[in-house]
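Let's take a walk through this structure, starting with its pockets and moving on to its aromatic rings. Have the sequence and the 3D view at hand.

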Amino acid sequence: MAINLYLVRHGQTWFNKQHRMQGSCDSALTPLGIKQAEAVRDYFQDQGINFARAYCSTQERASDTLEIITGPEMEYVRLKDLKEKSYGAFEARNILLWPLHRLGKFRVEDNREVVERMERGINLIMRDAQDGDNILVVGHGDSLSQYINEKTNNREFLGLPNCSFVQLTSNEGSTLEYVRTEWPAKAVKIDQITGE
């Protein structure tokens with residue numbers, strides 16, 4: 001048996017739609033983001049994937065996505081260690097300003113700090129996991145991607161669009177291994193919401 005960890009990025013938010021940096025700050029899911037989360041929920045149901053436990057960051061875009069995927073009846077745990085990278089002065093600003101962080105005058109959370117924090121959170125989750133469990137973790141694009149890249153060193157992994165997921169597996173307490181990346185929400189389009 002194995003423990004399967006499903007790491008899901010939250011659905012599209014208003015800041016995503018407006019091309020704003022979104023780390024520590026939060027922004028609600030858009031109608032498209034809600035439909036994306038519903039597509040992930042439907043995918044897991046169609047595949048017969050049931051979750052023994054569920055976790056998310058303390059940011060509402062992650063908990064809102066998780067609640068759509070699991071439904072209101074499933075209890076879950078919010079962990080600060082799973083939050084998105086802090087972009088400091090760039091929070092809520094246009095993403096076109098991001099290259100300025102390389103000037104070194106602005107304090108942003110260091111990538112090493114992000115990975116260490118994510119590792120603490122995932123280790124806590126895995127500590128309570130039982131053999132055969134499927135575990136849902138809803139988080140954020142940058143922090144999840146950095147963790148996945150650091151821990152799996154998988155060249156197939158290219159990042160997480162909104163409401164895509166990576167499946168990692170641990171066999172008998174071994175390190176986490178990359179299994180696959182899926183994007184069930186890829187086909188969800190805005191015209192499905194507006195009727196245009």
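## Ground rules

Helices (H or I, at least four residues) and strands (E, at least two) are DSSP runs, numbered from the N terminus. This is a predicted model, where local features need pLDDT of at least 70 and side-chain atom pairs count only at pLDDT 80 or more, while totals for chains, interfaces and linings use all residues. Residues are numbered from 1 along each chain as its sequence is written, and side-chain values use heavy atoms, with hydrogens and water left out.

## The second largest pocket

A pocket, on a 1 Å grid over the protein atoms alone, is an open set of points where a 1.4 Å probe fits, with protein on both sides within 12 Å along at least five of seven lines; its lining residues have an atom within 4 Å of a point. Helix 2 (31–46) and helix 3 (60–70) each give at least two residues to the lining of the second largest pocket. Helix 2 has the largest share, with three residues.

The volume here is about 180 Å³, counted as the space filled by probe spheres set on the grid points, which are joined across faces, edges and corners. Among the lining residues are Arg41, Phe44, Phe51 and Met74. By class, the lining has five nonpolar, four polar and one charged residues (Ala, Val, Leu, Ile, Met, Phe, Trp, Tyr, Cys and Pro count as nonpolar, Asp, Glu, Lys and Arg as charged, and the others, Gly among them, as polar).

## The largest pocket

The largest pocket comes in at about 250 Å³. It is lined by 15 residues, with Arg9, Asn16, Arg20, Gln22 and Ile95 nearest its centre. Helix 1 (14–17) and helix 5 (141–152) each supply at least two of the lining residues. The lining splits into four nonpolar, six polar and five charged residues.

## Rings that pair up

Rings of Phe, Tyr and Trp (its six-membered ring) pair if their centres lie within 6.5 Å; planes under 30 degrees apart are stacked, over 60 edge-to-face, and the rest tilted. There are seven aromatic pairs by this rule. Tyr6 and Phe51 make an edge-to-face one, at 5.6 Å centre to centre and 80 degrees between the planes. Tyr6 sits in strand 1 (residues 3–9) and Phe51 in the loop between helix 2 and strand 2 (53–56), so this pair ties together parts 45 residues apart in sequence.

Phe44 and Phe165 form a tilted pair, 5.1 Å centre to centre with 45 degrees between the planes. Because Phe44 is in helix 2 and Phe165 in strand 5 (residues 165–170), the pair links parts 121 residues apart in sequence. Tyr6, Tyr43, Phe44, Phe51 and Phe165 form one aromatic cluster.
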